[in-house]
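Q: Please zoom in on how the inside of this one is packed, and take it slowly. I'd like the cut-offs spelled out as you go.

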Amino acid sequence: MDMSETSQPAIDEVDLMLANARLRDELEPYRDESIDSSSMHRMPLQTENEYLTSMLAWERAPALPITSWFNPPLQLPTPDSVSDSTLPRLLANTIERLYSQRVVLKFTDHLSDRELYKIIYRDIMPSCEKKLDIPGKCLEWRCVEDNETWLRFYADAVDRRRFQEEYDVDLPPSEQPKYKRNLPGN
């Protein structure tokens, strides 16, 4: 048997253990119960290293207004200054630009274009968030502000039942949202 066939897994395991030790050392200043979680000891070493890498990226990432995630910073016109005829194109372009920075909008189908644009302008763009450059990771922005709206338009039967059992409340009727959208990342 060729020696390289038997030594490769051991070398990979050693590399993973060295990377794990380095990541834990780098995370030491941020140490809390999430790093010491017992569930991490049940993870395969590769998965644990990916988790520690994402934690380190989170800790080191700057918190910036989302408008500053763009170069140059994205400046949107005020909602009142946008005409009804230009709003759909501006909204679609803005959503695509947000997606290019890994901002994914969720639960938007109950909102008119103008209502959604106002949320983007008023809530999303000035919000200070951690900008992470981790492939496959995004900032998910849920455009629903209350349980009633979520229950009415987005919760499935199981979620509705759980909510009713947990809070012992009457549920609003389930409805189809008025503005079906096919947004990037959904």
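A: Let's start with contacts, meaning heavy atoms within 4.5 Å. Among those between residues at least 6 apart in sequence, 72% join residues at least 24 apart. A caveat on where this comes from: the model is predicted, so local features need pLDDT of at least 70 and side-chain atom pairs count only at pLDDT 80 or more, while totals for chains, interfaces and linings use all residues. Numbering runs from 1 along each chain as its sequence is written, and side-chain values use heavy atoms, with hydrogens and water left out.

As for confidence, pLDDT (the predictor's confidence in each residue, from 0 to 100) averages 88 over the protein, and 89% of the residues score at least 70.

The elements are DSSP runs numbered from the N terminus: helices are H or I with at least four residues, strands are E with at least two. Here they come to 6 helices and 4 strands, in the order α-α-β-α-β-α-β-β-α-α from the N terminus on. Of the 186 residues, 32% count as buried, that is, under 20% relative accessible area, with exposed over 50% and partly exposed in between (1.4 Å probe, protein chains only).

Now the core itself. A nonpolar core here is a set of buried Ala, Val, Leu, Ile, Met, Phe, Trp, Tyr and Cys residues joined through side-chain atoms within 4.5 Å. The largest one has 24 residues, and Ile-66, Leu-98, Leu-105 and Ile-120 have the most contacts inside it. At least two residues of this core come from each of α3 (87–100), β2 (103–106), α4 (113–124) and β4 (139–142). A second, separate core has 5 residues, among them Leu-23, Leu-27, Met-55 and Leu-56.

Leaving out residues up to four places away in sequence, Ile-66 touches Leu-98, Val-103, Ile-124, Met-125, Ser-127, Glu-129, Leu-139 and Trp-141.

Leu-98 takes us to α3, where the buried residues are Leu-87, Leu-90, Leu-91, Thr-94, Ile-95 and Leu-98. Seen down the helix axis, these fall within an arc of 130°, so they line one face of α3; the arc is that of the directions from the axis to the C-beta atoms. The buried residues of α3 pack against β2 and α4. Its 14 residues reach 20 Å from the first C-alpha to the last, close to the 20 Å expected at 1.5 Å a residue, where the expected span is 1.5 Å times one less than the number of residues.

Arg-102 has a positive phi of about 65° although it is not a glycine, and at 30% relative accessibility it counts as partly exposed.
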